[in-house]
Amino acid sequence: MDNSHRALNVSSEIGKLKTVLLHRPGKELENLMPDYLDRLLFDDIPYLKIAQEEHDKFAKILKENGVEVVYLEELAAEAIEDESVRERFVEEFLNEANVLGEGKRRSLKEYFKQFNSRQLIDKVMQGVRKTELPRYKPKTLTDMVDDNYPFLVDPMPNLYFTRDPFATIGTGITLNHMKTETRNRETIFAKYIFENHPRFKGEYIPIWFNRDEKTSLEGGDELILNKKTIAIGISERTEAASIEKFAKNILNSGQTFEQILAFDIPKKRAFMHLDTVFTMVDYDKFTIHPQIEGPLTVYSITKSKEKEDELKIVKEEASLEDILKKYLGLEKVTLIRCANGNNIDAAREQWNDGSNTLAIAPGEVIVYSRNYVTNKILEENGIKIHVMPSSELSRGRGGPRCMSMPLIREDIKNN
Ligand SMILES: NC(=O)NCCC[C@H](N)C(=O)O
């Protein structure tokens, strides 16, 4: 099937990248405070100016390699140009931002009216400090009681990790239900973009999993290994129940996908998603964090031949190399271990996303400069690397793959 004309088309992890979605970090990072770092999923506070410079370098590498870069903030603003859509967006945003108190809601709506669409999107991403609206009229008890919390609306500092709130799979998406409240709010932008942006509006975009589900699924756990096979992490962020639901939808969709490999990885912050410990860099080469090799269990999921609408789930007993060979039809598989398996260097570099490479073509990836031990090993394995600066962006615990959502990749021949 030729999907090259579609607004979305991703049938592999490594096909030549044509269009990618980024978010340039903005003032939301300047609304991070030490007291709330844990809840907002940050370990430190990046210096915004340098983070933006690093991010611009990331975009430059992509553009120099023929990739169209589109920005979340621009698409979201264009999606809410229509006044009635903008009003709906504000209402829904205030509900999801958990803004209680009629006085607060009214004042915020009034405050937002001064902004054009782009300014409004920037503002809701940044969050609203109480000092911005010093004289809102308290109406209800919720308005009157001052809890000394400094924000009326929390910032969304994780938005530059565009990989997670939705994921392109084939010609559709999973519009994800995120594990945490702080990140769940991010999915509203994708919802409005896919419903209202002219780039997508004329096209049928199937949704394989939706944000109103009760269990969580995050894009960092979703990897398309080839046009038949999807890998998904059962992780700190993605639950097995979500994978079953997604599997039933995608395997019965008429798209090319026939099998899912569910990777059960340890549930801990350093390994939050599958792509923090395992990514694909070439037809037969993968980066992996050595610490997951022992505890890893892989389940294969296919459609049951006996009963329609049921899944066949098998706990795979072979080594990871053999599982990948079997399901991807490969003669040989190379696992490239973070920092060549040295336990200290691997732990340090994985913490800063040494395994989180972004493939822009088969055998060609973008990597963080600070992971120089792993980067050298990648080169020794014949992988071409493009190195981006990484002092500030890495403080959010995500690398080049986490910071990008492919919208279109070229199909791979014989994939
Ligand atoms: N795919 C990814 O691993 N994304 C990185 C997300 C980092 C972000 N601070 C988070 O905890 O969700």
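Which domains does the domain assignment of the protein give? I found domain 1 (17-74 + 157-409) and domain 2 (98-153). The bounds come from an automatic or database domain assignment.

**Entry 1: ground rules.** I am working on a predicted model, where local features need pLDDT of at least 70, side-chain atom pairs count only at pLDDT 80 or more, and totals for chains, interfaces and linings use all residues. I number residues from 1 along each chain as its sequence is written.

**Entry 2: the two domains.** I looked up the separation. The C-alpha centres of domain 1 and domain 2 lie 34 Å apart. The contact takes 6 residues from domain 1 and 5 residues from domain 2. On the side of domain 1 that touches domain 2, I read 1 nonpolar, 2 polar and 3 charged residues. Here Ala, Val, Leu, Ile, Met, Phe, Trp, Tyr, Cys and Pro count as nonpolar, Asp, Glu, Lys and Arg as charged, and the others, Gly among them, as polar.

**Entry 3: the sheet 2-1-19.** I turned to the strands next. Helices (H or I, at least four residues) and strands (E, at least two) are DSSP runs, numbered from the N terminus. Two strands pair if DSSP finds at least two bridges between them. I found an open sheet of 3 strands in the order 2-1-19, with mixed pairing. Strand 2 (68-71) and strand 19 are the edge strands, and each pairs on one side only. From one strand to the next, the twist averages 20 degrees. Axes are lines fitted to C-alpha atoms, for helices over the stretch in contact, and angles run from 0 to 180 degrees between N-to-C directions. Strand 1 (residues 17-22) runs antiparallel to strand 19, with 4 bridges between the two.

Entry 4: Which residue does UniProt list for "active site"? The unreviewed entry lists Cys402. UniProt positions are given in the numbering used here, feature names are shortened, and annotations may be inferred rather than shown by experiment. I located Cys402 in the loop between strand 18 (384-388) and strand 19 (405-409). Is Cys402 buried or exposed? Cys402 is buried, with 25 other C-beta atoms within 10 Å. The scale is this: a residue is buried if 20 or more other C-beta atoms lie within 10 Å of its own, exposed if 12 or fewer, and partly exposed in between, with C-beta atoms placed from the backbone. I left aside neighbours within four places in sequence and listed the contacts of Cys402: Phe161, Arg163, Gly220, Asp275 and Asn356.

**Entry 5: strand 17 and its partners.** Strand 16 (residues 358-361) and strand 17 (residues 364-368) pair in the antiparallel sense over 3 bridges. Leu358 has Ile366 as its bridge partner, and Ala361 stands opposite Glu364. I checked the turn of this hairpin. There are 2 residues between the strands, and Gly363 takes a positive phi near 75 degrees. Strand 17 also pairs with strand 18, in the parallel sense, over 5 bridges. Ile366 has His386 as its bridge partner in strand 18.

Entry 6: I found an open sheet of 3 strands in the order 11-12-15, with mixed pairing. Strand 11 (278-282) and strand 15 (334-337) stand at the edges, each with a single partner strand, so one side of each lacks a neighbour in the sheet. The twist averages 30 degrees from one strand to the next. Strand 11 and strand 12 (residues 285-288) are antiparallel, with 4 bridges. Met280 has Phe286 in strand 12 as its bridge partner.

**Entry 7: Phe278.** I placed Phe278 in strand 11. Phe278 counts as buried, with 25 C-beta neighbours inside 10 Å. Leaving aside neighbours within four places in sequence, I listed Phe263, Phe286, Thr287, Ile288 and Ser355 as contacts of Phe278. Phe278 and Gly354 are 76 residues apart in sequence and 9.9 Å apart in space, C-alpha to C-alpha.

Notes:
Two residues are in contact if their C-beta atoms, placed from the backbone, lie within 7 Å.
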